[in-house]
Amino acid sequence: MARRRPEARFEALLRAAAQVFSEQGFRRTQMADVARRLGVSPGTLYAYVASKDALFDLALRHAFGEHVTPAALPAPTPASAELVEHVRAGMRRRLRTPGLVEAGARPAPPDVAGELAGLVRELYDALAQNADAIRLIERSAPERPDLAELYYARGRGGLVERWRRYLERRIGEGRLRPVPDAAIAARLVIETVAWFAWHRRGDPAPQAMDPALARDTVVAVLAHGLLPARAG
């Protein structure tokens, strides 16, 4: 018979699972590793989830901010397509950049510097606020082709394309500095933001920095670096 467990203990399990999957990847992680991190026996985990795949699915959804409450425990193993759909839904909900989409569809406003700074800030906040989910996906995607296709080809690839179109439009309007390749410039913006928004947290020799100052500095440098040079 399916059993119910206290919600707090279930959330602790999902947090521990996300940490271990992020450190070791999907393939290397064993249920015993998660149990050890949580301080329980491996058999205890099977009162909550039916398999490692079920735990991975729930940990991903929890990392994206979803309030995961299975109807009954242990949570069943999802089909591969179901897991991918859960990740797609999380990306659509939490990694959206609506300002970029809107900016790419309209002529340049009078204050392009302010527009560009706002778009960089929008991207920074989306990545920083979902750092745990992104780390979990990036660590496991090389071992999960279904996730790699969704996250890298469609997710990141689509983001690069939206930034490329925006930059090309503003450059064509004479409002941003010409660059040799707009796609490379788009990737530079995204990767710079990504490093400061979340990659730096895994730096083995991190430099202490105030999160708000890091955000403001990245926004200022990227935005001003793409503005046209002033005459004289």
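In which crossing does H5 pass H9, left-handed or right-handed? H5 passes H9 in a right-handed crossing. A crossing is right-handed if the near helix is turned clockwise from the far one by less than a right angle, and left-handed if anticlockwise.

The model is predicted: local features need pLDDT of at least 70, side-chain atom pairs count only at pLDDT 80 or more, and totals for chains, interfaces and linings use all residues. Residues are numbered from 1 along each chain as its sequence is written, and side-chain values use heavy atoms, with hydrogens and water left out.

The protein has 11 helices and zero strands. Helices (H or I, at least four residues) and strands (E, at least two) are DSSP runs, numbered from the N terminus. The C-alpha atoms fill a box of roughly 75 × 35 × 30 Å along the principal axes.

Helix H5 spans residues 80-94. Its axis lies 9 Å from that of H9, at an angle of about 30°. Axes are lines fitted to C-alpha atoms, for helices over the stretch in contact, and angles run from 0 to 180 degrees between N-to-C directions. H5 and H9 are therefore roughly parallel to each other (angles under 35 degrees; over 145 is roughly antiparallel, 65 to 115 roughly perpendicular and the rest oblique). Contact means heavy atoms within 4.5 Å. H5 contributes Ser 80, Leu 83, Val 84, Val 87, Arg 88 and Met 91, while H9 contributes Asp 146, Leu 147, Leu 150, Tyr 151, Arg 154 and Gly 155. By class, seven of these residues are nonpolar, two polar and three charged. Ala, Val, Leu, Ile, Met, Phe, Trp, Tyr, Cys and Pro count as nonpolar, Asp, Glu, Lys and Arg as charged, and the others, Gly among them, as polar.

Arg 164 also belongs to H9 (residues 145-172). Its side chain makes a polar contact with the side chain of Glu 161, at 2.4 Å. Such a contact is a pair of N or O atoms within 3.5 Å; within protein, one must be able to donate a hydrogen and the other to accept it, and residues adjacent in sequence count only if both atoms are side-chain atoms. Leaving aside neighbours within four places in sequence, Arg 164 touches Ala 182, Ala 183 and Ala 186.

Phe 56, Ala 59, Leu 60 and Ala 63 of H4 meet Asp 132, Ala 133, Leu 136, Ile 137 and Ser 140 of H8.
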